[in-house]
Amino acid sequence: MSEPTRKPVQLTDVSMLGLGAMGSALAAALLDAGRSVTVWNRTPGRAAELMTRGARGAGAVGEAVTASPVVVCLLKYDSVRDTLGPVADELRGRTLLNVTTTTPNESRQLAAWAAEFGVTYLDGAIMAVPAMIGTREGQIFYSGSRKAYDTLLPTLDVWATSEFHGEDAGRASLVDLAMLSGMYQMFAGFIHGAAMVAPMGMSASDFAARQAPFLAAMTHGLAGFAEIVDGGDYAVPGQQSLDFSDLSHIVRASEEQGVDAAPIAGVQALISRQIDAGHGREGFARIYESLRAARPTTRPTTRPEEGTAA
Ligand code: NDP
């Protein structure tokens, strides 16, 4: 019996799966840089604007993945798994770059799955908002196949400043999520402060005008903390001691304002643990030891071909 005839796939430089805010920005930057791009999105219609700018629309995932090296920019791990699972055979022998935000272990799971199907896997973590794509201001971290990174670099450099973090596919995601952890805690700290001053009539905007330059100045202290953490000696002279940094007065002030003290109480708990253990005369960086005391946990994740989200 003869094989069913397949429509020949028109080859392009990159196939972009996922045309949300970020996927569209990545595809648009490539088009602006003169690259040919095949685009696919689960919900039809989102490719229209890119197609008017020269992108080639694929009717199915299978068609998109056979047109060029594949970039997936979907919502989360489950969406990558659900989208790529059914086209694993079509992906065989090809290159896959996942820039969907995933945890380090999820990235490793995708890399392991890709290896099983002979797919060269590179993971990417985007440190930028869509408006920063196509500028040097944005950063994208990569880990996984070095060969894929080197081959794709002229394309990756269209998007942002590229940085390779090693062949363990989970490393880019780990650095990304660690950076975001710092950012969200800073945002939460600001919003907590804004809630504290609100009862006295200060608007959040007024507070932000004061907080932003103060925080910017305080970031100069990061390098000093880092030096102490890296050196491992928290008793280096000249530091503010943990006894001095005891934040229970801020916790009380928050409570006096009727504002949940959870963000600052979390920091105070890390300090208290070190003071209680007899390290009150050492510096603030000592809270690193409170954090390190937590055991690493790994949650098993399922593989792309194993069906829908749990
Ligand atoms: P959007 O919500 O704008 O778009 C999500 C995309 O994922 C859409 O194309 C959507 O398709 C698709 N999608 C969601 N679920 C599924 C599924 N189950 N199967 C197939 N497709 C699915 O998100 P963004 O574009 O902003 O973000 C994409 C990724 O980029 C995320 O992982 C995000 O964390 C990361 N990122 C985004 C940044 C940003 O500022 N936007 C910054 C850094 C990273 P449909 O149209 O059909 O719903």
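**Close-up 1. Helix 1 and helix 7 cross with right-handed geometry.** The model is predicted: local features need pLDDT of at least 70, side-chain atom pairs count only at pLDDT 80 or more, and totals for chains, interfaces and linings use all residues. Residues are numbered from 1 along each chain as its sequence is written, and side-chain values use heavy atoms, with hydrogens and water left out. Helix 1 spans residues 21-32 and helix 7 spans residues 146-159. Their axes come within 9 Å and cross at roughly 110 degrees. Helix 1 is therefore roughly perpendicular to helix 7. On helix 1, the contact uses Leu 26, Ala 29 and Leu 30; on helix 7, Thr 155, Val 158 and Trp 159. By class, the residues of this contact are 5 nonpolar, 1 polar and no charged.

Terms for the helix views:
- Helices are DSSP runs (H or I, at least four residues), numbered from the N terminus.
- Axes are lines fitted to C-alpha atoms over the stretch in contact; angles run from 0 to 180 degrees between N-to-C directions.
- Angles under 35 degrees count as roughly parallel, over 145 as roughly antiparallel, and 65 to 115 as roughly perpendicular.
- A crossing is left-handed if the near helix is turned anticlockwise from the far one by less than a right angle, and right-handed if clockwise.
- Contact means heavy atoms within 4.5 Å.
- Ala, Val, Leu, Ile, Met, Phe, Trp, Tyr, Cys and Pro count as nonpolar; Asp, Glu, Lys and Arg as charged; the others, Gly among them, as polar.

**Close-up 2. Helix 4 packs against helix 6 at an angle of about 15 degrees.** The axes of helix 4 (residues 77-84) and helix 6 (residues 104-116) are 11 Å apart. That angle makes helix 4 roughly parallel to helix 6. The crossing is left-handed. Tyr 77, Val 80 and Leu 84 of helix 4 meet Glu 106, Gln 109, Leu 110 and Trp 113 of helix 6. This contact has 5 nonpolar, 1 polar and 1 charged residues.

**Close-up 3. Helix 12 and helix 13 form a left-handed crossing.** The axes of helix 12 (residues 248-256) and helix 13 (residues 262-276) come within 9 Å and cross at roughly 160 degrees. The two helices are therefore roughly antiparallel to each other. Ser 248, Ile 250 and Val 251 of helix 12 contact Ile 264, Ala 265 and Gln 268 of helix 13. These residues divide into 4 nonpolar, 2 polar and no charged.

**Close-up 4. The ligand is surrounded by 21 residues.** The closest are Met 22, Asn 41, Thr 43, Arg 46 and Thr 101. Polar contacts are pairs of N or O atoms within 3.5 Å. A polar side-chain atom of Arg 46 is 2.7 Å from a ligand oxygen atom. A polar backbone atom of Met 22 lies 2.8 Å from an oxygen atom of the ligand. For Arg 42, an N or O atom in the side chain is 2.9 Å from an oxygen atom of the ligand.

Methods. Near = heavy atom within 4 Å. Polar contact = N/O pair within 3.5 Å; in protein donor to acceptor, adjacent residues only side chain to side chain.
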